[in-house]
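This report covers a hairpin, a nonpolar core and one of the helices that line it up with its surroundings. The sequence and structure follow.

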Amino acid sequence: KKDSKKDAGKNPAKAAKKGAGAKKKKWSKGKVREKLNNLVVFDQLTYDRMLAEVKNFKLVTPSAISERLKVNGSLARRAITKLLEAGLIRPIETHSRQQIYTRNTGD
């Protein structure tokens, strides 16, 4: 085994390269999520489906509506206000960041 201090006297560039990794780290591109193609305006078919299906969800949140009906978040929040006005759902927790509702069972 050679002594690295002795080697540094003969070839200083080689000794410096040995210490802190020879090659620079390559950064990975990261995982790329698939782009969602959600609706931004209700068409009649989706609106009717929303009125029929959402009242049967056990847990009604903007994200649940957005995911199942393929609509964007702001449209899901609008849908919730419509369902509240119609009396089809009732609030459990309304926080500024996350609203949680459930189906109205008539209790």
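## Strand pairing

Two strands are taken to pair if DSSP finds at least two bridges between them. The model is predicted, and in it a hairpin of four residues joins β1 to β2. Strand β1 covers residues 89-94 and runs antiparallel to β2, with five bridges between them. Pro91 has Tyr101 of β2 opposite it.

In a regular strand, side chains alternate between the two faces of the sheet.

## Nonpolar core

The largest nonpolar core consists of 14 residues, and Val54, Val60 and Ile65 have the most contacts inside it. Both α4 (62-69) and α5 (73-86) supply at least two residues of this core. The helix that gives the most is α5, with five residues.

Which residues does Ile65 touch, not counting residues up to four places away in sequence? They are Val54, Phe57, Val60, Lys70, Val71, Ala76 and Ile80. Two of these, Val54 and Val60, are also named with Ile65 as having the most contacts inside the core.

## Helix α4

Pro62, Ala64, Ile65, Ser66 and Leu69 are the buried residues of α4. These buried residues pack against α3 (44-53), α5 and β2 (99-103). The β2 strand in this packing is the one joined to β1 by the hairpin.

After α4 comes Lys70, which has a positive phi near 55°. Lys70 is also one of the residues that Ile65 touches.

Technical notes:
Residues numbered from 1 in each chain as written. Predicted model: local features only at pLDDT ≥ 70, side-chain atom pairs only at ≥ 80, totals over all residues. Heavy atoms only, no water. Core = buried A, V, L, I, M, F, W, Y, C linked by side-chain atoms within 4.5 Å. Buried < 20%, exposed > 50% of the residue type's maximum accessible area, 1.4 Å probe, protein only. Contact = heavy atoms within 4.5 Å.
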